[in-house]
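Hello,

Here is the structure you were waiting for.

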Amino acid sequence: MKALMFGWEFPPNILGGLGTASYGLTEGMSKQKDMDITFVIPKPSGDEDKSFLRIIGAGNTPVVYRDVAYEYVKERLERKMTPEEYYHLRNHIYADFSYLHTDDLGCIEFSGKYPDNLLEEINNYSIVSGVIARSEQFDVIHSHDWLTYPAGIHAKQVTGKPLVVHVHATDFDRSRGNVNPTVFAIEMDGMNHADHIITVSDLTRRTVIEKYHQDPSKVTTVHNAVTPLSPAILNLPDKRGVKDKVVTFLGRITMQKGCEYFVEAAARVLAKKPEGVRFIMAGSGDKMDEMIRLAARYNISDRFHFTGFMKGQQVYEVFRSSDVYVMPSVSEPFGISPLEAMQCGVPSIISYQSGCAEILNYAVKVDYWDVDAMADAIYALITYPEMHTYLKEKGLEEVNNITWETAGLKVRAIYDQVIR
């Protein structure tokens, strides 16, 4: 079985949970002996783990014919693509894209991020997808999240292969109901063209059925999972440098993530226990300044720390130095971070409005808006050792059984279904 996947990010250069999930799922699916995955991203860094899949960079794929010397191609692309791959792709250019701004290899430049001209990059990515789809041999197309739906549709149109779209989030989640009509239209178009739709939770599945009017028989939930931690991560030291208990929020500091409820809960805990506990907000986002001001307004700034964006080992260093993890998301399609925290032995408090609440029995669950309940749960976990130990041990046991290999087998069953 050969799958052509379209994604937007891939470790080690990630900007959110999409890259983490893309890595975990593909690595889990690679355990299937006959599974062959080609993964397309806009701008590879060259240091991605290619031991279990092949990566193609959209920004290294020519869409305009250029007669370029072998040595020059080799020098320009370095570790990102071999000259042979470049020439193979060049030979499958099928239309005149000379109107596009391209470099001296005939390639479109991509930022590899989420730039101001994101819609333009999404469109360019879909153009490149046609060249790649005509160059590759595969059985099924798999598009991760709305940014790659146009690419998946184009690949389907030029090859006739079935399309699976993977809904990691919808704009209803990101916007708290204030949906961007352009993004909604792209999401709807992708779902309408899909032969099957994968959602990361039943919560997201209901949104896809009710808000995007999709046939329930066409939509299947495949919950996310976690990758087992390496010994190096498991043996990271506790670097907190203080004896205080540490309560952590880690994620994008945006409306969707419920960051203000975390600050308000912290204020309530500190009103009851002014010493011996500190709060960390790790991440970045458009509400960062507002959260700094909110902490100041509650007069808790001396007990509240903002770290900025973290990735890779930094994330686990924070977890290893934490006693409690809190994810108070207003609308969270899944939410991998509580599972990662539980892997590190950190009891987690999550909102009922998160998809991972469907599969976690040993995390404390509260409504995102119930700041008093959130504060009570935090206070109990930092005050009662028996409760903390129980959730630490049971949570670790539970999360170790939530594997990407199992998720991969469910995705494979969907592939088998759509190619019949």
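The structure holds zero disulfides, counting as a disulfide any pair of cysteine sulfur atoms within 2.5 Å. Cys259 is in none; its nearest cysteine sulfur belongs to Cys356, 17 Å away. Cys259 counts as buried, at 0% relative accessibility. Cys344 is buried too, with a relative accessible area of 10%. Buried here means under 20% relative accessible area, exposed over 50%, and partly exposed in between (1.4 Å probe, protein chains only).

Before you read on: this is a predicted model, where local features need pLDDT of at least 70, side-chain atom pairs count only at pLDDT 80 or more, and totals for chains, interfaces and linings use all residues. Residues are numbered from 1 along each chain as its sequence is written, and side-chain values use heavy atoms, with hydrogens and water left out.

Now the overall fold. The protein chain has 16 helices and 13 strands; these are DSSP runs numbered from the N terminus, helices being H or I of at least four residues and strands E of at least two. Its radius of gyration is 22 Å, close to the 22 Å that the globule rule gives for 420 residues, so the chain is as compact as a globular protein of that length. That radius is taken over C-alpha atoms, and the rule is 2.2 Å times the number of residues to the power 0.38. The C-alpha trace spans about 70 × 45 × 40 Å along its principal axes. Of the 420 residues, 56% count as buried.

Next, Ser201. This residue sits in the loop between β6 (196-199) and α8 (202-211). Ser201 is buried, at 0% relative accessibility. Beyond its neighbours within four places in sequence, Ser201 is in contact with Thr221, His223, Pro333, Gly355 and Glu358. Contact means heavy atoms within 4.5 Å. His223 is 22 residues from Ser201 along the chain, yet their C-alpha atoms are separated by 5.5 Å.

Last, helix α5 (residues 149-159). What are its buried residues? They are Tyr149, Ala151, Gly152, Ile153, His154 and Ala155. These pack against β1 (2-6), α4 (118-135), β4 (140-144), β5 (163-167) and α7 (181-193). Just after α5, Gly160 takes a positive phi of about 80°.

Best wishes
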